[in-house]
Amino acid sequence: MEITPELLQKYAEGKCSKTEELEIESWLDPKGGFDTLNSEIDVCLHPEIEKVLWKKIAKTKNNIPEKQKKILNIKKWTIVASIVILLGTSCFWGFFNKPVTYATAAAELKTIILEDGTKVTLNAASTLTITKNFNKKERVVLLDGEAFFEVIRDSLHPFVVQTKTTKTQVLGTKFNLYAYTGEDNTITLNEGKVQFSGVLSAYNNKVILLPNEQVTLNKIGILKKKVKPEQYNAWIKKKLVFRDKPFSLVIREIERFYNITITVKKEGIHNRKYNGVYDNPPLEVLMNDLSFVFNFNYKKEENKLLIF
């Protein structure tokens, strides 16, 4: 029996006959057993495909003798890679033909390699959605949160990042985009050239950024200035960098960085600004510094912290 993309699709959807299932499982593992690796693969494999395939494959484990399980150690990536080789990247990506969303929890970073080779590093509490027709005419992604993009150049397929309030269009470049819901959108350019604009009519004028430039969209409008880009993507290396940042936003970053909920009952400090650079600091060190500067006390219980 020939293992075709159509047959694999039937297998993923649970529509194969028993004979077809056995043929596919034999192709995936000629020795007749399955084992998985307890680790994540942060590459751009469609999560729905992977979930369905591995749910199906996992069912066979119950029928494999324990002795055979111990002898056999088929790595998850080997099987997935075999499917990718057979299907081809574009076929595999479009398997379910619907948007794909990647998300990070608080205190979590994730690196994703997109279909076109673009590398995206997601900061904590962020989501990245790859649109349904990615790489057809444009490479469109949706961001809520913060991410550092290393975009592969493709003049025929512009790369577009959309947030709730802004749109960024590039060909090939490296930039950091800060776009958490309810906060100002800020783009910082490391390499290349980008076009940035707001999606609302009042702020839809297009701004061109060159390396070492930063643009922020806030309630006032679009503001542009010169910066040192490495300070704005330091989070990739687990660093916290605060540059004239209001205390209220400092607290939000700390919540995401440490996966903690902070309640501020100290009055008069929310809009005061703070400067500081920290290399993956213990929470206590950071809070001691802040309490000294802003003259507050704090109390921590489990994953909650009270400032008073």
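## Surroundings of Ala147

Once its neighbours within four places in sequence are set aside, Ala147 is in contact with Val120, Thr121, Leu122, Phe175, Asn176, Leu177 and Trp235. These contacts, like everything that follows, are read from a predicted model. Ala147 belongs to strand 5, and this residue counts as buried because its relative accessibility is 0%, where buried means under 20%.

Leu128 stands 19 residues from Ala147 along the chain, and the C-alpha atoms of the two are separated by 8.5 Å. Leu128 has its own set of contacts: not counting residues up to four places away in sequence, Leu128 touches Val100, Thr101, Tyr102, Ile112, Val120, Leu122, Val141, Leu142, Leu143 and Phe149.

## Nonpolar cores

The largest nonpolar core comprises 28 residues, and those that touch the most other members are Leu128, Val141, Phe149, Phe159, Phe175 and Leu177. Strand 5 supplies the largest share of this core, with 4 residues.

## The largest pocket

The largest pocket has a volume of about 920 Å³. It is lined by 36 residues, of which Thr186, Tyr232, Arg243, Lys245 and Glu253 are the closest to its centre. Two or more lining residues are given by each of strand 8 (174-179), strand 9 (185-191), strand 12 (213-217), strand 13 (222-226), strand 14 (239-246) and helix 7 (247-258).

Strand 14 provides the largest share of the lining of the largest pocket, 8 residues. By residue class, the lining of the largest pocket divides into 15 nonpolar, 8 polar and 13 charged residues.

## The second largest pocket

For the second largest pocket, the volume is about 440 Å³. Its lining consists of 24 residues, and Gly182, Glu183, Asp184, Asn185 and Leu217 lie nearest the centre of this pocket. The elements that give two or more residues to the lining of the second largest pocket are strand 5 (139-150) and helix 7, and helix 7 gives the most, with 3 residues.

The lining of the second largest pocket divides into 9 nonpolar, 9 polar and 6 charged residues.

Notes: Residues are numbered from 1 along each chain as its sequence is written. This is a predicted model: local features need pLDDT of at least 70, side-chain atom pairs count only at pLDDT 80 or more; totals for chains, interfaces and linings use all residues. Side-chain values use heavy atoms; hydrogens and water are left out. On a 1 Å grid over the protein atoms alone, a cavity is a set of points where a 1.4 Å probe fits but cannot get out, and a pocket is an open set with protein on both sides within 12 Å along at least five of seven lines; lining residues have an atom within 4 Å of a point. Grid points are joined across faces, edges and corners, and a volume is the space filled by probe spheres set on the points. Ala, Val, Leu, Ile, Met, Phe, Trp, Tyr, Cys and Pro count as nonpolar, Asp, Glu, Lys and Arg as charged, and the others, Gly among them, as polar. Buried means under 20% relative accessible area, exposed over 50%, partly exposed in between (1.4 Å probe, protein chains only). Contact means heavy atoms within 4.5 Å. A nonpolar core is a set of buried Ala, Val, Leu, Ile, Met, Phe, Trp, Tyr and Cys residues joined through side-chain atoms within 4.5 Å.
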